[in-house]
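Student: Could you take me through this model feature by feature, giving the general idea before the particular case?

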Amino acid sequence: MQPPSLRRRICPQRRTRPVRLIHPVLRLIHSAHPAHPSPRRRIRPRRLAALTAVTALTLTVSTSAGTEHPTAPATAGPIGLARSSALVPCLLHGGLNVQMTEGVPTPGGYSRSTGTVHALTLMVDFSDAPGQGSAMDRFHEFFPQTQKWFRTASYGRLDYRPETPITTWLRMPMPFRAYGIERGAPFEPGYRQLVQDIVAAADPDVDFSSYDLLNVLVTPNAGPSALDTVLSVTFAGNGEAPVADGVPIANASFVYSRQDDGSGSYARTGYRVLPHENGHTFGLPDLYTQEGGEAVGHWDIMSEDWGANNDLLGWHKWKLGWLDGSQVGCVATSGSVEYILTPLYKPGGGKLILVPINSRSVYAVELRTRGGNDEAVCRPGILIYLVDTSVDTGRGPVTVYDSHRGSGGCIHSPNVQAELSDAPFSTGETFKDPRHAITIQVLGTEPDGNYRVRITRG
Ligand SMILES: [Zn+2]
């Protein structure tokens, strides 16, 4: 066991430099042709069950776009589980010794991720790094983009309200250098001191008990450039944080410097470090590893938050309570079943198929196309990945399978992991896991752009 302050520190080992892909252990077999070239053989008992499943997913319509979801629980966690026992085999709990897990439901202590979330946002500076320009200019580097990003990603279920009761720089009593903050700095003692000083400085104007999370937007001239060292960090679920107005400052994101992908795109995409850091306050782990972003590439903002926009994985949307149970399929028994998937970025429809392997790991299948928060998608198709809830944050809890290994990918943006950018499977391509007798076939596209997928378990 690590001390609590270490267990709750997120983002210490972020790197922006792409490195070579290390392939996952499972075999990947391609089919050069559609696996079932005879579409006439439709009426078979097994197919009837399959069509029922297709109906269940395609008829689902989200009723929540644009507003707070009326029936959403005010906590993080998948919606609809209580009503759908079919999803229970896909409800994988986190490992006991995992700091921050992909398991569902998310443990307590994090900020809620549905409904209205009040994000106290303070801009701080130091005597050795005085704020340049106005504090609200710093605020507007992140807003309204961040709240729009969450509104789009959550299909309107997360109503993110950044609030600035103090609109000027909040000057800290010590120089920045005196806090000893560097890459990977733990909560003790520097961050504890900084949070105590923030509370003391803001308390006359702020009721800390009325907020769900804290954003600290540090003046960009404190510390090194983000291209040299990324200091941005979140302390999440930290019940031992300093108390203000009767509540611990348990979920706090600190953003430093100005981060972009090295292409000079900061004004357009630099805000995206904040949705990443806030993702931790909702209980999401880091998906990049010490080697970089090669496990997931640009398919989730918890993997790469630089470069062009990207969405969250469907698994994360389910974990955060942004998908209904009826939008998720769980294939836990032998047989063959077909689903129709709608693009992940669009509200409504079937979004996520889960194929559990054991009590800790599950395949996830979703459709990624260009649109919404997925503006960087350069090869649309069916994304297949493995979620392992026994693997900790920053150690590769999610692994994306590349349908085009060694291709070099189709995205060419500085510091973005390119190899996995063409990972999705297209019509006629098949993913096979022979060891677990699992086959995932992409059967084709519908006129409306949805995809038909068949899952077969032996
Ligand atoms: Zn992180």
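This is a predicted model: local features need pLDDT of at least 70, side-chain atom pairs count only at pLDDT 80 or more; totals for chains, interfaces and linings use all residues.

Student: How many helices and strands does the protein chain have, and what share of its residues count as buried?

Tutor: Helices (H or I, at least four residues) and strands (E, at least two) are DSSP runs numbered from the N terminus, and the protein chain has eight helices and 18 strands. A residue is buried if 20 or more other C-beta atoms lie within 10 Å of its own, exposed if 12 or fewer, and partly exposed in between, with C-beta atoms placed from the backbone. Of the 458 residues of the protein chain, 51% count as buried. Among contacts between residues at least 6 apart in sequence, 73% join residues at least 24 apart.

Student: Which residues have the most contacts inside the largest nonpolar core?

Tutor: A nonpolar core is a set of buried Ala, Val, Leu, Ile, Met, Phe, Trp, Tyr and Cys residues joined through C-beta atoms within 7 Å. The largest one has 106 residues, and those with the most contacts inside it are Ala364, Ile384, Tyr385 and Val453. This core draws at least three residues from each of domain 1 (45–102 + 313–457) and domain 2 (108–281), bounds that come from an automatic or database domain assignment. Leaving aside residues up to four places away in sequence, Ile384 touches Tyr363, Val365, Tyr401, Phe425, Phe431 and Ile440.

Student: In what order do the five strands of the mixed sheet lie, and which strands stand at the edges?

Tutor: Two strands pair if DSSP finds at least two bridges between them. Here the five strands form an open sheet in the order E10-E12-E13-E14-E15, with mixed pairing. Strand E10 (328–330) and strand E15 (398–400) are at the edges, each with a single partner strand, so one side of each is left without a neighbour in the sheet. Strand E14 (residues 381–388) pairs with E15 in the antiparallel sense over three bridges, and Leu386 stands opposite Thr399 in E15.

Student: What is the order of the four-strand sheet, and is strand E11 enclosed or open?

Tutor: In a regular strand the side chains alternate between the two faces of the sheet. The open sheet of four strands has the order E11-E18-E17-E16, with antiparallel pairing. Five of the seven residues of strand E11 (residues 335–341) are buried, so E11 is largely enclosed by the rest of the structure. Seven bridges join E11 to strand E18 (residues 451–457), the two running antiparallel, and Tyr339 has Val453 in E18 as its bridge partner. At the other end of this order, E16 pairs with strand E17 (residues 438–445) over four bridges in the antiparallel sense, with Lys432 partnered by Thr439 in E17.

Student: Is helix H7 covered or exposed?

Tutor: Helix H7 (residues 273–281) is mostly covered, since nine of its nine residues are buried, among them Leu274, His276 and Glu277. Just after H7, Gly283 takes a positive phi of about 100 degrees.

Student: Which residues other than glycine have a positive phi, and where are the cis peptide bonds?

Tutor: Tyr155 has a positive phi of about 55 degrees and lies in the loop between helix H4 (145–153) and strand E3 (158–163); with 24 C-beta neighbours inside 10 Å, Tyr155 counts as buried. Asp245 has a positive phi of about 50 degrees, but with 13 C-beta neighbours inside 10 Å Asp245 counts as partly exposed. Pro105 is in the loop between helix H2 (45–58) and strand E2 (115–125), whereas Pro189 is in helix H5 (residues 187–202).

Notes
Residues are numbered from 1 along each chain as its sequence is written. Two residues are in contact if their C-beta atoms, placed from the backbone, lie within 7 Å.
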